[in-house]
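Dear colleague,

Here is the structure that I promised to pass on to you. Please open it beside this email, since the notes below concern its aromatic rings and the charges around them.

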Amino acid sequence: QVQLVESGGGLVQAGGSLRLSCASSGRTFTMGWFRQAPGKERDFVAAIGWSGSTTDYADSVKGRFTISRDNAKNTVYLQMNSLKPEDTAVYYCAAGLEGGTYPRGYGYWGQGTQVTVSS
């Protein structure tokens, strides 16, 4: 059983930056970040393969967000720059063998961390 714990969320002004971290209790494979705003579905943000050489991003965050991982620390990161009010959501870390851009590809989830971007 893999446990994931996110950290790094908070309140930031538009144009600012935040760095989210996700610590895993064990070895993981594909890692992903999703986000969910109130009343909306959980949406894909970014994913990274085991080696870190393969990444994927939602169009809405390309060029602003960067996903990375440190396998020695069992940790994945999401650097978020040029934040916009529409980035406000609960951000979830996920791990899975299949991965991809849909939640069904991930079997393990963190508890989420709130990101709020003020205008």
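A charge is said to sit over a ring if NZ of Lys or CZ of Arg is within 6 Å of the ring centre and within 35 degrees of the ring normal. In this predicted model, the charged end of Arg-19 sits over the ring of Tyr-77, 4.0 Å from its centre, and the charged end of Arg-42 sits over the ring of Trp-109, 4.9 Å from its centre.

Please keep in mind that the model is predicted, so that local features need pLDDT of at least 70 and side-chain atom pairs count only at pLDDT 80 or more, while totals for chains, interfaces and linings use all residues. Residues are numbered from 1 along each chain as its sequence is written, and side-chain values use heavy atoms, with hydrogens and water left out.

A search of the whole structure finds 4 aromatic pairs, where rings of Phe, Tyr and Trp (its six-membered ring) pair if their centres lie within 6.5 Å, and planes under 30 degrees apart count as stacked, over 60 as edge-to-face and the rest as tilted. One of them joins Phe-34 and Phe-44 edge-to-face, at 5.7 Å centre to centre and with 75 degrees between the planes. Another edge-to-face pair is that of Tyr-106 and Trp-109, with 6.2 Å centre to centre and 65 degrees between the planes. Phe-34, Phe-44, Tyr-106 and Trp-109 form one aromatic cluster.
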